[in-house]
Amino acid sequence: MGFATSVSTAIILVGALLVFSFSYPTISTSYEKVREANQEEHVRMMKQLKTSIEVQDKNGNTVYVLQPPKTYYLYNSGEYTIDLDKVIVLDDGVYTTTRIFDASTHYLYPGGRVKLHLGGLEGNIKIITDCGASVTVEVT
């Protein structure tokens, strides 16, 4: 009777070791993916915190009410370069495909500004960068 107990204990132990050895790579890979996702989220949140945009007049004053045909600029007052091809424009909360920058301009570098083209837009305009930073202005 003691021999049978020892054999069954050994079989259970070997089975547990086999199950652990087969499941360990999957658990390890899952842990690494979660850790990488957390790091990417941290980078994305820091980028959003350090990205800031303003709408300025030709003298560099920040404005929130725009009166076309005056000239206005989008100013990057943050630390990260903004990809203008990924900027979203909402016209009174509705997505618009209107391009408000020159087609030849693709990036807005920190401390730089780019001219806004407001033709056809009126009401509340919200400009949103790819990382989530935004500014809202009213076009009258």
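The following questions and answers concern a predicted model of one protein chain.

User: What pattern does the protein chain follow when read along the sequence?
Analyst: The chain holds 1 helix and 10 strands. Helix H1 covers residues 2–49. Read along the sequence, the pattern is α-β-β-β-β-β-β-β-β-β-β.

User: What share of the 140 residues is buried?
Analyst: A residue counts as buried when its relative accessible area is under 20%. The accessible surface of the chain comes to about 9400 Å², with 58% of it belonging to carbon and sulfur atoms. The buried share of the residues is 28%.

User: Which strands are the edge strands of the open sheet?
Analyst: The open sheet has 5 strands in the order E2-E10-E9-E5-E6, with mixed pairing. An edge strand here pairs on one side only. The edge strands are E2 (65–66) and E6 (94–96).

User: Which residue in E10 is the bridge partner of leucine 66?
Analyst: Strand E2 and strand E10 (residues 134–139) run parallel and are joined by 2 bridges. Leucine 66 lies in E2, which covers 65–66. Its bridge partner in E10 is valine 139.

User: Which residues stand opposite leucine 90 in E9 and in E6?
Analyst: Strand E5 (residues 88–91) runs antiparallel to strand E9 (residues 123–128), with 4 bridges between them. E5 also pairs with E6 in the antiparallel sense, over 3 bridges. Opposite leucine 90 stand lysine 126 in E9 and tyrosine 95 in E6.

User: Which residue in the turn of the E5 and E6 hairpin has a positive phi?
Analyst: E5 and E6 are antiparallel partners. Their hairpin has 2 residues between the strands. The residue with a positive phi, of about 55°, is aspartate 92.

User: How many degrees lie between the planes of phenylalanine 20 and tyrosine 24?
Analyst: The two residues are 4 apart in helix H1, so about one helical turn separates them. Phenylalanine 20 is exposed at 52% relative accessibility, while tyrosine 24 is partly exposed at 47%. Their ring centres are 5.8 Å apart and the pair is tilted, with an angle between the planes of 45°.

User: Why is the pair of tyrosine 107 and tyrosine 109 classed as it is?
Analyst: The structure holds 2 aromatic pairs, and tyrosine 107 with tyrosine 109 has ring centres 6.4 Å apart. Planes under 30 degrees apart would count as stacked and planes over 60 as edge-to-face. The planes of these two rings are at 35°, so the pair is tilted.

User: Which ring does the charged end of arginine 113 sit over?
Analyst: A charge over a ring requires CZ of Arg to be within 6 Å of the ring centre. The charged end of arginine 113 is 4.0 Å from the centre of such a ring. That ring belongs to tyrosine 73.

User: What distance separates the C-alpha atoms of arginine 44 and glycine 132?
Analyst: Arginine 44 is in helix H1 and is partly exposed, with a relative accessible area of 47%. Glycine 132 is 88 residues away from arginine 44 along the chain. Their C-alpha atoms are separated by 9.4 Å.

Methods. Residues numbered from 1 in each chain as written. Predicted model: local features only at pLDDT ≥ 70, side-chain atom pairs only at ≥ 80, totals over all residues. Heavy atoms only, no water. Pairing = 2+ DSSP bridges. Buried < 20%, exposed > 50% of the residue type's maximum accessible area, 1.4 Å probe, protein only. Phe/Tyr/Trp six-rings, centres within 6.5 Å; stacked < 30°, edge-to-face > 60°. Lys NZ or Arg CZ within 6 Å of the ring centre and 35° of its normal. Areas by Shrake-Rupley, 256 points an atom, 1.4 Å probe, with all protein chains shown as cover.
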